[in-house]
Amino acid sequence: MRWRSFLLLPWMLAMLSACGGAMTAPSPTVTIAIYRDPAVPIPARVEDLLQRMTLAEKIGQMTLIEKNSLTADQVRDLFIGGVLSGGGGYPATDNSPAAWAEMVNTFQHAALSTRLGIPIIYGADGVHGHNNLYGAVIFPHNIGLGAANNPVLVEQIGRATATEMAATGVFWNYAPGVMVVRDVRWGRTYEGYAERPDHVATLAAAFVRGLQAPDIAAPNRVIGTPKHYLGDGGTAWGSSTTENYQLDQGETMGDEAILRAVHLPPYRATIAAGAQVIMASYSSWNGQKMHASSYWLSDVLKQELGFSGFVVSDWAAIDQIDPNYDRAVITAINAGIDMNMVPYDARRFINALTRAVEAGAVSEERINDAVRRILTVKFAMGLFEQPFAQTNLLPQIGSTMHRELARTAVAESLVLLKNEQQLLPLTKDIRHLYIGGQAANDLGIQAGGWTIEWQGRVGSIIPGTTILAGIQAAVSPQTVVEYNEHGRFTGDPGAADAVCIAVVGELPYAEGRGDSASLSLPINEQRVLYRMEETCARLVVVLIAGRPLIVTDSLPRWDALVVAWLPGSEGAGVADVLFGDRPFRGRLPVTWPRSLDQLPLGSGNGEPLFPYGFGLTP
Ligand code: GLC
């Protein structure tokens with residue numbers, strides 16, 4: 001048992017007496033455990049703490065549970081190391097910043113009341129802002145940031161996201177997604193930045209820097225989690241065995257050279273940018289679940305790339321390895337998973353791993369390695385010294401400054417794909433403007449999945465500005481704006497002084513539930529388009545989508561086409577560009593297929609409709 005003595009300073013005496021401590025003749029020194037002393041180098045703190053821990057305390061640190069699965073007292077009694085909010089994991093009674101801070105702090109107080117007082121790390125998916133929190137600024141999803149391709153902007157977004165998350169005590173962000181997207185039929189296309197590894201690597205590293213700036217020990221720090229390692233964006237259609245998914249969680253194509261050339265660079269870049277945690281992928285390679293691959297998780301990631309942080313599993317992903325749970329746990333932990341996102345039955349995992357260690361199927365060395373990695377991150381981010389929500393930052397949640405940043409990102413993300421007779425940008429004193437489409441007036445659609453709810457939801461689910469409201473604010477008082485969701489207008493959209501804008505989009509989705517065989521718009525939005533194509537003299541189409549859609553046959557009937565991706569809460573950024581306050585500068589981060597037989601990327605079958613990097617500048 002190692003202790004450190006230090007002189008009892010006068011102010012400490014005063015504090016002790018103020019606490020009513022019996023003040024006999026003070027001893028000149030008191031002792032605190034080495035691991036509790038922030039002046040001690042982290043490796044020494046880790047080793048001091050590790051040698052004090054029981055097996056139960058160690059395995060507890062390797063256990064990450066969903067917040068509704070255990071009470072705070074149970075988190076204490078099981079020595080739990082991490083708690084998370086999954087998609088939609090806001091406080092049940094009140095989705096407010098204060099309620100979030102109280103929820104997280106309650107778990108934290110419980111953890112700190114354990115024998116060794118090891119704080120939990122609380123995580124959530126802040127993939128486009130603190131997006132489970134009502135009132136947080138919702139930034140464009142990554143595919144829009146990929147179109148903007150501005151690393152400085154992405155770093156600023158990381159910083160703003162970290163500030164809003166740290167205010168509520170959520171110091172761990174399961175982002176950025178660093179998938180290199182090779183088939184845009186994938187429901188997670190929009191969580192990725194691009195189809196090219198260097199493009200993804202540059203922006204992902206910027207986001208990690210922004211999240212963790214100025215360093216991971218800063219009070220408003222949040223640590224990032226590049227995900228999902230390895231090859232999640234390269235799966236084959238029809239290879240998934242999860243639910244009715246087709247691509248998501250499927251089998252990654254290509255030999256080792258492909259995995260290394262296409263999918264590994266973003267991990268090299270984010271590790272170099274200081275990433276402390278990496279999340280393993282549900283997907284498989286050569287028939288082996290990535291969560292079971294000691295080659296990729298340990299030999300390559302930890303040894304070859306020198307990753308010294310910890311690897312967290314995905315949500316119940318270990319369970320997919322083997323129908324025998326004990327075998328699944330043994331395989332995953334021995335392969336290199338350090339913390340298991342269980343996320344519900346903590347005791348089942350703890351008991352399985354305990355049995356495995358007692359039986360020698362998982363060595364004490366492996367357990368110590370995993371716990372050493374976890375503790376190193378917790379010490380490095382100052383969690384022992386600052387474990388609670390940074391509530392001084394609460395006023396920055398939803399701040400004007402963050403909303404302006406998001407609005408800039410929306411404007412920079414727009415890509416102009418067609419512009420007959422230089423119709424765009426429009427003048428603000430246009431006489432008649434006819435706007436159609438559900439997506440023009442729906443914050444839930446413009447935000448997309450991973451917004452308040454895991455799958456997102458249509459309707460006014462967040463505060464923000466709709467695209468319609470942005471347009472109405474942009475035009476002159478003399479402009480007559482008529483909006484009809486169905487594209488049925490009382491005025492004359494065919495008049496010479498009229499322009500139509502159809503804002504149509506995909507309904508929200510997330511993960512494999514968004515895998516699409518058709519890449520088509522919802523039928524209602526198609527009907528709006530047909531109606532407006534028939535009645536409008538000049539038609540601008542604005543697409544709200546998480547990926548390219550097949551629009552080849554309709555395109556000739558449109559005068560202009562703009563893709564706004566999934567812009568988030570600040571829809572006014574769309575009007576900023578449509579009416580010329582900001583330039584069109586976005587470029588396609590993914591190839592836009594002419595037809596489905598051109599997928600996955602590299603399938604050939606003729607030229608795409610628009611190539612990677614395409615975008616018009618009027
Ligand atoms: C999900 C996702 C992962 C996310 C995790 C926690 O299933 O695959 O990206 O971070 O669960 O919400």
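**Cavities**

I looked up the largest cavity and found that about 70 Å³ of space lies in it. A cavity here is a set of points, on a 1 Å grid over the protein atoms alone, where a 1.4 Å probe fits but cannot get out, and lining residues have an atom within 4 Å of a point. Grid points are joined across faces, edges and corners, and a volume is the space filled by probe spheres set on the points.

I note that this is a predicted model, in which local features need pLDDT of at least 70 and side-chain atom pairs count only at pLDDT 80 or more, while totals for chains, interfaces and linings use all residues. Residues are numbered from 1 along each chain as its sequence is written, and side-chain values use heavy atoms, with hydrogens and water left out.

I listed the lining of the largest cavity as E57, Q61, V75, R76, F79, I80, A111, T114, L116 and I118. Helices α3 (55-61) and α4 (72-77) each supply at least two residues of this lining; helices (H or I, at least four residues) and strands (E, at least two) are DSSP runs, numbered from the N terminus. By class I recorded six nonpolar, two polar and two charged residues in the lining of the largest cavity. Ala, Val, Leu, Ile, Met, Phe, Trp, Tyr, Cys and Pro count as nonpolar, Asp, Glu, Lys and Arg as charged, and the others, Gly among them, as polar.

I then turned to the second largest cavity, which holds about 60 Å³ of space. Its lining includes W186, R188, H228, D232 and Y282, and divides into two nonpolar, six polar and three charged residues. The count of cavities of 30 Å³ or more is four.

**Domains and pockets**

I took the bounds of domain 1 (57-395) and domain 2 (414-598) from the domain assignment of the protein; such bounds come from an automatic or database assignment. The domain centres, taken over C-alpha atoms, are 34 Å apart. I found 42 residues of domain 1 in contact with 39 residues of domain 2, where contact means heavy atoms within 4.5 Å.

I next examined the largest pocket, with about 360 Å³ of space. Of its 24 lining residues, Y282, W315, W450, W454 and E511 are the closest to its centre. A pocket is an open set of points with protein on both sides within 12 Å along at least five of seven lines. The lining of the largest pocket comprises 10 nonpolar, six polar and eight charged residues. Both domains give residues to this lining, so the largest pocket lies between them.

**Strand β19**

I checked strand β19 (residues 560-565) and found six of its six residues buried, that is, under 20% relative accessible area with a 1.4 Å probe and protein chains only. In a regular strand the side chains alternate between the two faces of the sheet. In β19, A560, V562 and A564 are buried on one side, and L561, V563 and W565 on the other.

I traced two partners of β19, given that strands pair if DSSP finds at least two bridges between them. Strand β14 (residues 415-419) runs antiparallel to β19, with four bridges, and L416 stands opposite V562. Strand β18 (residues 539-544) runs parallel to β19, with five bridges, and I544 has W565 as its bridge partner.

Conventions
Buried means under 20% relative accessible area, exposed over 50%, partly exposed in between (1.4 Å probe, protein chains only).
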